[in-house]
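The sequence and the model come first.

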Amino acid sequence: MPVPKSEFESLPPCDFYTPAELLEEDRMYTVYEIARMLQGLEPDADIDRETEDILLDWAIPWVMTNAEDLVVAEPRDEDEPGYYGLRE
């Protein structure tokens with residue numbers, strides 16, 4: 001159910017990092033690492049599975065929206081996710 005804006009103390013803009021602001025040029029990241037970093041966490045931060053699932057809900061659209069600025073690498077092993085990095 002929608003609520004009035006007046007119920008919130010502050011309403012900051014909904015800004016997201018650009019790929020260049022978030023990722024290091026010479027590194028490749030999994031979507032899990034990107035999800036953590038979008039929330040200001042270290043890429044290897046230990047978080048519970050439920051929280052990780054919520055963060056992925058933000059990270060996957062971010063990757064799709066910024067696809068033109070990214071490169072993708074296939075997983076090195078079957079058990080590993082793909083990797084994303086900055087397009088040069």
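## A network of charged residues

R36, R49, E52 and D53 are joined in a network of salt bridges, a salt bridge being a side-chain nitrogen of Lys or Arg within 4 Å of a carboxyl oxygen of Asp or Glu. The model is predicted, with local features needing pLDDT of at least 70 and side-chain atom pairs counting only at pLDDT 80 or more, while totals for chains, interfaces and linings use all residues. Residues are numbered from 1 along each chain as its sequence is written, and side-chain values use heavy atoms, with hydrogens and water left out.

The search of the whole structure finds four salt bridges. One of them joins the side chains of R36 and E52 at 2.8 Å, N to O. That pair links distant parts of the chain, with R36 in helix α2 and E52 in helix α3, 16 residues apart. Helices (H or I, at least four residues) and strands (E, at least two) are DSSP runs, numbered from the N terminus.

E52 also meets R49 in a salt bridge of 3.1 Å, N to O, and R49 meets D53 at 3.3 Å, N to O. R49 and D53 are four residues apart in helix α3, so about one helical turn separates them. E52 counts as buried at 11% relative accessibility, whereas D53, at 34%, counts as partly exposed. Buried means under 20% relative accessible area, exposed over 50%, and partly exposed in between (1.4 Å probe, protein chains only).

## How the two helices pack

Helix α2 covers residues 31-38 and helix α3 residues 49-65; they pack at about 95°, with axes 8 Å apart. Axes are lines fitted to C-alpha atoms, for helices over the stretch in contact, and angles run from 0 to 180 degrees between N-to-C directions. The two helices are therefore roughly perpendicular, a term for angles of 65 to 115 degrees.

Leaving aside neighbours within four places in sequence, L38 is in contact (heavy atoms within 4.5 Å) with Y17, L22, W58, A59 and W62. Just after α2, G40 takes a positive phi of about 80°.

Terms used. Parallel < 35°, antiparallel > 145°, perpendicular 65-115°, else oblique.
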